[in-house]
Amino acid sequence: MKIQDEQKIEQCAFANTDIATALAVAGTLCAYGGSSRIRTGVNLMIDATIATQIGQAYTALMQEFPQEDIYNVSITEPVHLQLTNAEGDFDIILQDFTRHLLYLYSALHNLHLSYARYQAAKNTLDDTYHNPAQSEVFQDARTFATLQRQAIWRHLMLCSHLHTDVLMSASRVNLLWHKFKQQLPNQSIFTSHEVSEVVTMIWHDNAQEIAEYNLAAFGIQSPPEILNLLRNQPTLQRPILLLDNQWHKYMSQLEQSYQQTLDTFYNDEDK
């Protein structure tokens, strides 16, 4: 029921933090490109923040589960955003990519919660199995263990499909970025302090545009998580591609692991 290959999860976590920094640098370049590029820079900074939290969500899957209430069942629903119509092919594909990233982050977050709540239900079953006085608690735990297990299946399936969606977007994002960056300044090396200042400025000056993405509903707060990541990198390079081959490889491999987990999902049902 759990993905067994933690190495692939860890690789995905690192790969997403790597593309987060590339997206932040790309957003900085857009800010330096003038007012006509700011909207694109905002979207890239949002993507950088979401990618950072996706990396954290993968890491959480490898950690001990927190104590959770078995009666809460998370059901991840599709992301619906009312965004200002984008102008230009690159901005259009970026908005679509952002929706996929938000949906993936939400599914990963809720997968982690569903695992924790299922484990809590199993613990309650073990604690009350031989105690007739707690028969109602036992019946509740058995019911919600089933509900949590089904939620896990749903989120594993969603993550598998969403990996496909973001992978399918990668070539278009990269190709359009390759064309778009030719219109931007030629700066090739950035300091983390420089990029952090631009991230903070964009987040402050474009609050109305950022609010359209309703990030707080996904647990993404301001200041963005990307700032913590940037502090650990003294210099950053202008990205040739936004979504590099390592990210594509690791996302593809983990997608296969999701499917393998689903294929054997009920093998341990009675354990």
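Colleague: Let's start with Q95: buried or exposed?
Modeller: Keep in mind that this is a predicted model. Relative accessibility for Q95 comes out at 9%. The cut-off for buried is under 20%, so Q95 counts as buried.

Colleague: Where is Q95 found, and what is it in contact with, leaving aside neighbours within four places in sequence?
Modeller: Q95 is found in helix 3. Once neighbours within four places in sequence are left aside, Q95 is in contact with R39, N43, L83, T84, A86 and Y213.

Colleague: Moving on to charges, how many salt bridges does the structure hold?
Modeller: Side chains of opposite charge can pair when their charged atoms come close. D5 counts as partly exposed, at 27% relative accessibility. The total of salt bridges held by the structure is four.

Colleague: R117 and E68 form a salt bridge too, so how many residues apart in sequence are the parts this pair ties together?
Modeller: The closest N and O atoms of R117 and E68 are 3.3 Å apart. R117 lies in helix 3 (residues 89-128) and E68 in the loop between helix 2 (38-61) and helix 3, so the parts tied together are apart in sequence by 49 residues.

Colleague: Is R117 buried or exposed?
Modeller: R117 has a relative accessible area of 7%. Because the limit for buried is under 20%, R117 is buried.

Colleague: And the E77 and R154 salt bridge: how many residues apart in sequence are the parts it ties together?
Modeller: The side chains of E77 and R154 meet at 3.7 Å, N to O. E77 sits in the loop between helix 2 and helix 3, while R154 belongs to helix 4 (residues 135-180), so the pair ties together parts whose separation in sequence is 77 residues.

Colleague: There's a nonpolar surface patch made by V73, I75 and L147; what is its area?
Modeller: I75, one of its members, has its place in the loop between helix 2 and helix 3. I75 is partly exposed, with a relative accessible area of 43%. Together with V73 and L147, I75 makes a nonpolar surface patch of about 210 Å².

Colleague: How far does helix 5 reach from its first C-alpha to its last?
Modeller: Helix 5 has 14 residues, and the span expected at 1.5 Å a residue is 20 Å. Its buried residues, among them V195, V198 and W203, pack against helix 1, helix 2 and strand 1 (189-191), among others. The reach of helix 5 is close to that expectation, at 20 Å.

Colleague: Last one: K2 and L262 are 260 residues apart in sequence, so what is their C-alpha to C-alpha separation in space?
Modeller: K2 lies in the segment before helix 1 and is partly exposed, with a relative accessible area of 32%. Leaving aside neighbours within four places in sequence, K2 is in contact with L61, F65, Y115 and T261. From C-alpha to C-alpha, K2 and L262 are apart in space by 9.2 Å.

Technical notes:
Residues are numbered from 1 along each chain as its sequence is written. This is a predicted model: local features need pLDDT of at least 70, side-chain atom pairs count only at pLDDT 80 or more; totals for chains, interfaces and linings use all residues. Side-chain values use heavy atoms; hydrogens and water are left out. Buried means under 20% relative accessible area, exposed over 50%, partly exposed in between (1.4 Å probe, protein chains only). Helices (H or I, at least four residues) and strands (E, at least two) are DSSP runs, numbered from the N terminus. Contact means heavy atoms within 4.5 Å. Patches are made of residues with over 30% relative accessible area and no salt bridge: like charges are joined within 9 Å, nonpolar side chains (Val, Leu, Ile, Met, Phe, Trp, Tyr) within 5 Å. Accessible areas come from the Shrake-Rupley method with a 1.4 Å probe; for residues, only the protein chains shown count as cover. The expected span of a helix is 1.5 Å times one less than its number of residues.
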